[in-house]
Amino acid sequence: MTAVTDDLLLAADFPKASYEDWRKLVDGVLKGAPFEKLVGKTYDGLKIDPLYPRAKDVAAVVGRPAAAPWQIMQRIDHPDAAQANAQALNDLENGATGLALVFAGGNGSHGFGLEPTADAVAKVLRDIHLDAGIGIELQIGPQSRMAAIHVAEYVKSNGIDPAACDIRFGLDPLAACAVWGHSPYAWEEIVPAVTGGIKGLAALGFKGPFASTDGRVIHDAGGSEVQELAFVLACGVAYLRAIEGAGVALEQAQGMVYARLAADADQFLTMAKVRALRLLWARVEQACGLTPKPLFIAADTAWRMLTQRDPYVNMLRATMATFAAGLAGANAITVLPHTLALGLPDPFARRVARNTQLVLLEESNLAKVSDPAAGAGGIETLTTQLCEAAWALFQQTEKAGGAFAALQQGLIQGKVAATRKVREANIAKRRDVITGASEFPNLQESDVAVLPATPVALAPYGEQKFKFAPLVPIRIAEPFEALRDQSDMTLKARGARPKVFLANLGTAADFTARATFAKSFFEAGGILAVDSEGSTDPAQLSAAFKASGAKLACLCSSDKVYVAHAGASAKALQIAGAKHIYLAGRPDENESALRAAGVSGFIFAGADALTTLQDAYRRMEQA
């Protein structure tokens, strides 16, 4: 039998397309508009073109071992140690391969966390076989720092070989200082305590890593990818220097530091960020005279993207984030349960968080291909841009004296604050869409179950001798959620939500698009949109408005219908008692006439929705 070797080229009968051919087609659609309209930008100002050719002569970025799955980490943060243990055992029995022990006071605790006592540690770890290949990550802060010692003591007292354990101890005082905005000690005083702990754990036989360099604090505070990467590099170098200064050879110190990154729903940026960190850290290692080894990267799905409203959408965001981090080669991933912003997650939320990873690994086989982004022009370009910009910012931090000195000088916080300000403006204008919060809200959503729990109370840590601006964690949906909370309070107090009457003019073909836009616009702020049948009869509109019980009204139709009927309709609504009349659409040459008729506001894509909605509440309160 003769083997068939010819490839079936499905596109062989078509002419080969070129970039120039594509540009001609694009220019025809743009009709004279600049091509730059299609070029996006990240919050770091990095350009993202609409199309990229394949990147040539590039190698895969080495991360996890070939075809090896990432560790499926599950948060263990119940304040009751016995219940936390039950959760941990259930997670391990149902597919988790690692446990993130989140202690109260840690950067990722988000209001909950384990008690950092020896008794609590013993209860949490009961019946968990630490030498059976289970990944353990400690998320601790200065107030809960003794938890690391208690875990080590538990291992030794139970006759477990420390070298057989896979424990990341998570010592990271720089991240804690950054979040708190103060420190009781100078960096020179912190170093001996940290390196002493690391050397002590290593002497017991633990293989580490011991020090964590946590980029989540930048991401949580609203920072950019470049700022997150630069912070990770600066802290990592600070810990390497400290460990070497304590008498540990750099070759040994190399494996004592690992990184944490936030993974969010921006798939391509998350992938590029993880890949960029590996390349940047390899450059640090080379500068130290070391042979580069793959950095251990733990990824958490992002806190700032979680919403309290329509929290089931958080499942989709977490899936995208996990997908991106997994493909980019993260060694361990922790999915924040979709109800974490509402309280302590119940068994269902925990199961979904765990199964998100299991499905991607076992059914989608994401780990079977190493660095599938290698050669993809867009991601390769973005990775390179992140590397160059992050290295430059890292060098600025180094010139300032390192991470701690840069925090004292406000260098890091100033850049994060500037990015956060721009981000908040884009969220207010709904340029950055938050599904379920700023777009596509659901005012009829039901309550979501969370567990009752009393957070662990910790004593304040030290005197605030060294003060600087803190990197305060945020959730980007909070401003819109505050309006929804106000709506809920009105509903509870008065039996009805605040309302806006949609005065639909003309036929369904005239008003449907803008009425749909207006409904989403107002209900994102908790203001119930009361629809109406299309009409251009002022008397009919007036009667429908009075029947709606609304204090606000919004004209919805086409520009053509507005010219003929908006003025008379606005006057009728004003006489009927409308305290404020909006028009769905941009103001044009008829703005003066419309305002004279009673229109006092315009809503449109790109308008500051948050300010408009906040103003609407003030007007209703004054009515």
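A crossing of two helices is right-handed if the near helix is turned clockwise from the far one by less than a right angle, and left-handed if anticlockwise. Helices (H or I, at least four residues) and strands (E, at least two) are DSSP runs, numbered from the N terminus. Helix 11 and helix 12 cross in the right-handed sense.

This is a predicted model, in which local features need pLDDT of at least 70, side-chain atom pairs count only at pLDDT 80 or more, and totals for chains, interfaces and linings use all residues. Residues are numbered from 1 along each chain as its sequence is written, and side-chain values use heavy atoms, with hydrogens and water left out.

**Helix 11 and its partner**

Two packed helices are described by the angle between their axes and the distance between the axes. Axes are lines fitted to C-alpha atoms, for helices over the stretch in contact, and angles run from 0 to 180 degrees between N-to-C directions. Helix 11 covers residues 313–327, and helix 12 covers residues 347–363. Their axes come within 10 Å and cross at roughly 35°.

Which residues of helix 11 and helix 12 make the contact? Contact means heavy atoms within 4.5 Å. Helix 11 supplies Met315, Ala318, Thr319, Thr322 and Phe323. Helix 12 supplies Phe348, Val352, Thr356, Gln357 and Leu360. Six of the contact residues are nonpolar, four are polar and none is charged. Here Ala, Val, Leu, Ile, Met, Phe, Trp, Tyr, Cys and Pro count as nonpolar, Asp, Glu, Lys and Arg as charged, and the others, Gly among them, as polar.

The length of helix 11 can be checked too. The expected span of a helix is 1.5 Å times one less than its number of residues. The 15 residues of helix 11 should therefore span 21 Å, and its end C-alpha atoms are 22 Å apart, which agrees.

Buried means under 20% relative accessible area, exposed over 50%, and partly exposed in between (1.4 Å probe, protein chains only). The buried residues of helix 11 include Val313, Arg317, Ala321 and Leu327. The buried residues of helix 11 pack against strands 9, 10 and 11, and against helices 10 and 12. Gly329 follows helix 11 and has a positive phi near 100°.

**Nonpolar cores**

A nonpolar core is a set of buried Ala, Val, Leu, Ile, Met, Phe, Trp, Tyr and Cys residues joined through side-chain atoms within 4.5 Å. The largest one has 120 residues. Leu101, Leu130, Leu138 and Leu277 have the most contacts inside it. Helix 8 (residues 225–245) gives the largest share of this core, 14 residues. Leu130 touches Ile136, Tyr154 and Cys165, among others. A second, separate core has 52 residues, including Leu502 and Met620.

| Residue | Phi | Place |

Asp57 counts as exposed because its relative accessibility is 83%. The peptide bond from Gly208 to Pro209 is cis, with omega near 5°. Pro209 lies in the loop between helix 6 (187–204) and strand 8 (211–214).

Is Thr419 buried or exposed? Thr419 is buried, because its relative accessible area is 7%. Thr419 sits in helix 15 (residues 411–428). Beyond its neighbours within four places in sequence, Thr419 is in contact with Tyr43, Gly222, Gly223, Ser224 and Gln227.
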